[in-house]
Amino acid sequence: MTVAAPARIGGALTAHVRDADNVDVAPGATVAGGTDVRVAESPETRSKYLTVSFYLGIVLRIAAAFLTGWLLFGLAPRFADVRLDTTVATFKTVGIGFLCVIAVPVGALNVAVTVVGLPLAVIAVWLWLAGLVAVYVAANLPLIGRVINVAVTIAGMGVLFTQLVAWYRELAAPQTVAR
């Protein structure tokens, strides 16, 4: 910022700048009330961990995730019955989840080239994305968020797939009527 001659400032000059060397009052210019140069803190130098808004954002995301999970379990209580109590069940679920994370987008892309397959591909990708939204909060935790993101995404996709297969098998099974 430069105050060039013959400028006259009748009061004080307060300048908010990133570098104090960038303020210049040229000879012949007058500032009646004095010059106050304030160096603004740049966003790059201030840590986000020192702001209240960072922690408030974390609390709000966790609350939103809790409410979303509560709502989803209310709408689909079958997913609350998932058991990962053995190592085999856990690894099976994680393996199926890994295949779902990789195979759904690739399969949807292959199916989307046909007129009949396009709606199925859109539905598959939409459901795939909806599953990924559920891990948003865990992925944003400081330090361990990335590891949690990968683990929860893979395990969650495995649980989703195995539960949907079990639900489909129940629907496809012949119904017996008691007399």
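The lining of the second largest pocket is made up of four nonpolar, three polar and two charged residues; Ala, Val, Leu, Ile, Met, Phe, Trp, Tyr, Cys and Pro count as nonpolar, Asp, Glu, Lys and Arg as charged, and the others, Gly among them, as polar. The model is predicted, with local features needing pLDDT of at least 70 and side-chain atom pairs pLDDT 80 or more, while totals for chains, interfaces and linings use all residues. Residues are numbered from 1 along each chain as its sequence is written, and side-chain values use heavy atoms, without hydrogens and water.

**Pocket**
- Val-82, Arg-83, Leu-84, Ala-89, Lys-92, Thr-93, Ile-96, Thr-162 and Gln-163 line the second largest pocket.
- Helices H2 (87-111) and H5 (145-172) each give this lining at least two residues, and H2 has the largest share, with four.

**Helix H5**
- The 28 residues of H5 should span 40 Å at 1.5 Å a residue, and the end C-alpha atoms are 40 Å apart, which agrees; the expected span is 1.5 Å times one less than the number of residues.
- Buried residues of H5 include Gly-145, Thr-153, Met-157 and Gln-163 (buried is under 20% relative accessible area, exposed over 50%, partly exposed in between, with a 1.4 Å probe and protein chains only).

**Aromatic pair**
- One aromatic pair is found in the whole structure.
- Phe-54 and Tyr-55 form this edge-to-face pair, 5.0 Å centre to centre with 85 degrees between the planes (ring centres of a pair lie within 6.5 Å; planes under 30 degrees apart are stacked, over 60 edge-to-face, the rest tilted).
- Phe-54 counts as buried because its relative accessibility is 14%, whereas Tyr-55, at 43%, counts as partly exposed.

Technical notes: Phe/Tyr/Trp six-rings, centres within 6.5 Å; stacked < 30°, edge-to-face > 60°. 1 Å grid on protein atoms, 1.4 Å probe; cavity = no way out; pocket = protein on both sides within 12 Å on 5 of 7 lines; lining within 4 Å.
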